[in-house]
Amino acid sequence: MTVLDISEGKQKLSIASKDSEILQVSLVEAQVILGVQESKNLKDKVFLKEIEEDLQRLQGESFQAEQASDALKHELSIRAERFKYLEEQITRLIDEIQVDEEKIQQLRERINALKAKQALLKVSVEESQRKVSDQEHKLDVVRDSHLAEDIDRIKADLFQALSEKAKASNELTGAQHTFTSLEQQVLQLTQEQAVKAKERQSLGDTLQDQEKELAQIEQQALLRDREMLTLRTERDQLKGRRQEQYGELQKHKALTDQSRARRNALRTLEESLEGYQRGVREVMLAKKKGIKDCLGLCGTVADLMTVQEKYELALETALGAGLQNVVAEHEKAAKIAIAYLKAHQFGRVTFLPLDIIQGHRMSVNQAVEQDPGYIGIAVDLVTYDRLYKPALEFLLGRIVVVTDMNAATRIAKASGYRLRIVTLEGDQVHPGGSLSGGSVQRRGGNLLARSREIEALSVALVQLEKELAEEEREYSKLDFRLREIQESMENLSLKQREEKEHQVMNRAVHENVLSQVGRLDSDLLGLGHRNQGHMAQKNELCLRIVSLTERTNIAEQLSVDLRQAFNQREQAAKVAMGEIEAHGEQLTQEKIRLAKWEQELNQGTEQLGHEQTIYRENDSNLQLKMRNQVGLQHNCQVVETEQGALNQQLKSHSLAQEAQQYALMQRRQEREGLSANSLALEQEIHNKRQLEHALEQRLHANELRVVRFETECQAGETRLVEEFSLSWEEAIPYQTEEERAVLWPRVKALKHQIDALGPINQGAIEEYPKMLSRKVFMLAQQDDLVEANQILRQVISELDKTMSERFIQSFHAVNKAFQEVFKELFVGGNAELQLVDPDNLLETGVEIIAQPPGKKAQLLSLLSGGERALTAIAILFALLRVKPSPFCILDEIEASLDDSNVQRFAQYIHRLSDSTQFVVISHRKGTMESADVLYGITMEECGVSKLLSVKLGALRDTALSAYDSEQTSRVSS
């Protein structure tokens with residue numbers, strides 16, 4: 001295998017090296033062409049850069065002039081605004097001065113009134129304070145008695161006694177309820193103990209029956225496992241045989257397919273006249289099509305003769321280009337065919353007219369015929385119709401065919417170097433003694449061997465198909481038997497699963513019964529402990545009920561005595577409270593009156609101070625505004641003078657700016673023309689660079705292949721030395737004719753056997769049953785996984801097929817709709833969608849080719865902004881035509897369109913509105929005019945938005961009705 005790998009690696013290395021040389025030459029040619037174009041592009045860019053610099057300079061000067069003009073206009077507007085502002089300020093100050101003088105007079109009057117009111121309020125406050133002091137003294141005398149303290153003390157004692165009574169009564173009631181509950185719980189526990197004891201006896205009987213059934217199920221499972229092991233062993237053997245048969249079948253299929261493909265390819269080449277010159281191919285195809293100018297042609301020399309395989313190379317070499325000569329029935333037919341070639345520019349052809357061609361078979365001397373290497377005259381070695389004898393004798397009648405070069409030189413010498421001699425290997429001796437020869441690379445499918453090879457392949461294919469059918473029958477038998485075993489295994493596996501599920505269920509029931517028995521034993525023990533605890537609690541509650549009854553009686557007697565004392569104190573307190581309330585009410589009235597006078601006095605004082613402050617501030621502001629009025633009048637005179645000077649400067653700047661704009665327009669026209677030429681050249685350079693990049697990538701990939709093949713060869717030779725102590729030259733005799741497909745399984749099997757021996761494992765005998773059972777389990781899992789994998793792959797394949805079919809149907813529908821919509825929106829032109837990779841529909845991209853009216857077809861990215869937008873809108877409308885959507889929102893998609901295109905856009909939306917509701921966000925007038933309803937948002941107040949709507953459709957209907965009525969009335973009148 002190593003020798004075979006090295007040999008194949010060296011062959012691959014030789015082929016890859018030749019490919020690298022060819023690619024290197026192509027890359028150099030591409031780089032030279034690219035360099036010339038880049039040099040030209042660089043010159044254009046330099047000139048364009050000069051124009052750009054000049055244009056930037058002019059733009060800068062124009063911009064500076066425009067800025068200066070704008071600055072003057074701005075300054076002029078500032079002066080006008082400032083003058084207007086100064087006039088407004090003067091008027092405002094005059095009005096404010098008059099208002100402030102009136103306000104100061106009012107403030108003087110209010111200050112005098114507040115001072116008089118303040119003096120009167122001070123007298124009222126002093127009188128109210130004296131009355132409050134008298135009422136407080138009377139109230140203190142009545143409150144000195146201690147009735148309130150006695151009442152509070154008795155009330156607290158009474159509350160404590162009532163609380164004690166309620167607490168004791170509640171505890172007594174709770175203890176009585178608890179005692180009753182304990183008696184009921186003791187009765188329930190006794191009944192529950194009897195029920196659980198009976199249930200415990202029943203579960204014990206069930207437990208014994210389940211243990212017997214589990215033993216029977218385990219015995220049945222062992223029998224099923226032995227049967228499954230036998231079926232799997234047979235299945236594995238059949239799988240091995242089927243795999244071997246499948247390998248042979250695939251090899252036979254590959255050989256059959258290869259032969260069929262070879263035959264079909266040769267037939268295609270023969271039918272398309274591949275290998276012939278263009279002129280020959282065109283006239284012969286014209287003859288097949290029945291074109292009148294070529295009906296007088298018989299065929300090519302290669303088609304009109306039959307050659308044995310051993311003479312093919314010799315005759316092909318002897319004839320050379322003569323194989324493609326065309327035999328004509330007569331001279332006239334040849335002339336007509338030549339005129340046909342000239343009329344259609346199809347090239348040149350050599351014709352052999354049978355009526356005028358002069359061919360004859362030469363004769364050789366006796367010495368030549370007696371030479372052991374002599375075979376015969378070339379024309380005698382081919383089979384042909386006697387009708388074509390003149391043409392074939394013309395080509396082959398003076399050529400001698402011999403076995404090898406030695407025989408050729410002998411015969412040439414014997415004939416005096418007057419003959420043209422060809423060997424079976426394709427070497428030649430020309431008249432005069434010159435020799436031609438060397439290696440010949442026959443690439444198959446040559447003109448002479450093509451028909452013979454097609455016939456041989458057809459015969460071989462019949463035999464191959466018979467053998468393939470026999471192998472397929474054998475494979476089907478194995479596959480049928482394997483499916484039978486698989487079905488038996490599946491049925492047995494199903495039974496095993498059912499029995500295992502039954503076993504698992506029984507074990508679960510058994511474990512559940514065991515847990516229930518344990519739980520019942522635990523419950524019975526717990527019930528006994530709880531019953532003893534309840535009896536002890538009953539005894540304690542009896543003693544506590546007696547104690548709580550005595551506490552309740554004592555608290556009841558104490559509360560009765562305290563309630564009588566509380567009633568006596570409460571009667572005395574009511575009399576005293578009447579006097580306190582009378583004096584308290586009078587005191588409250590006096591305090592309210594005092595607070596009122598004090599509050600009015602404070603407010604009057606504060607208001608007086610506030611009014612005095614306002615008076616001083618207004619007087620100060622009045623003096624300041626008078627001074628400002630004088631300053632503003634002076635500023636107005638200064639601004640009028642500045643406005644006159646700025647108007648003169650603005651006129652001079654406007655004249656200079658017009659001259660600069662004209663020069664700038666001329667330079668821009670020059671730049672646009674040069675930019676267009678540069679863009680076309682850059683596109684061509686880009687294409688050349690892509691070609692260069694592709695060649696570099698191919699060259700790089702091929703160089704990597706060369707390096708990899710060299711590395712593989714070196715590694716193989718190193719392995720020969722290390723493992724077998726052989727050099728490559730010493731290992732060459734060990735090469736075999738067997739194929740890798742035969743050797744590699746044998747090598748792998750031997751290596752596997754060596755690795756399988758491994759170290760001796762002393763515990764293998766004990767581990768064997770476990771590993772065997774694990775192997776059986778893993779094989780079953782493997783089969784399930786393989787089957788699931790096949791099913792999943794089949795589902796994925798079906799999904800891919802369905803997706804591809806639906807995609808291509810939808811693509812064609814959208815493409816057709818896109819072409820129609822494009823023509824309607826652009827009022828002409830053409831467009832289409834193209835798949836980037838048609839052979840890979842699930843991953844292909846889509847290119848958009850558009851041709852607006854009057855322009856060439858190009859990609860979407862090369863169109864202008866408006867054209868790109870309208871093309872994108874056409875694609876959107878095409879999608880909606882193929883599959884309408886109930887609702888569609890468009891956000892300013894027509895922003896870059898001109899007015900005429902906006903109108904067509906709006907009209908097309910109306911056409912689609914029968915099946916789709918459109919919500920269009922837009923600022924374009926044409927779109928809004930065509931809408932049925934307009935919605936707008938306005939903010940009349942800060943922070944408050946308001947929705948406005950206008951139903952244009954209703955307005956249009958109303959207007960149309962009014963117009964129709966008017967027209968009707970006019971007609972009537």
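Reader: What covers the buried residues of helix α8?

Author: Contact here means heavy atoms within 4.5 Å, and what covers the buried residues of α8 includes α6 (366–369), β5 (374–377), β7 (399–402), β8 (420–423) and β9 (428–429). This is a predicted model, in which local features need pLDDT of at least 70, side-chain atom pairs count only at pLDDT 80 or more, and totals for chains, interfaces and linings use all residues. Residues are numbered from 1 along each chain as its sequence is written, and side-chain values use heavy atoms, leaving out hydrogens and water.

Reader: Which residues of α8 are buried?

Author: Buried means under 20% relative accessible area and exposed over 50%, with partly exposed in between (1.4 Å probe, protein chains only). In α8, which spans residues 405–414, the buried residues are Ala407, Ala408, Ile411 and Ala412. They cover an arc of only 130° around the axis, so they sit on the same side of α8, whereas Asn406 and Lys413 are exposed on the other side.

Reader: How many aromatic pairs does a search of the whole structure find?

Author: Rings of Phe, Tyr and Trp (its six-membered ring) pair if their centres lie within 6.5 Å, with planes under 30 degrees apart counted as stacked, over 60 as edge-to-face and the rest as tilted; the search finds 6 such pairs. Among them, Phe818 and Phe822 are edge-to-face, 6.0 Å centre to centre with 65° between the planes, and both residues are buried. Phe877 and Tyr908 are stacked, because their ring centres are 5.1 Å apart and their planes at 10°.

Technical notes. Helix = DSSP H or I, 4+ residues; strand = E, 2+ residues; numbered from the N terminus. Arc of directions from axis to C-beta.
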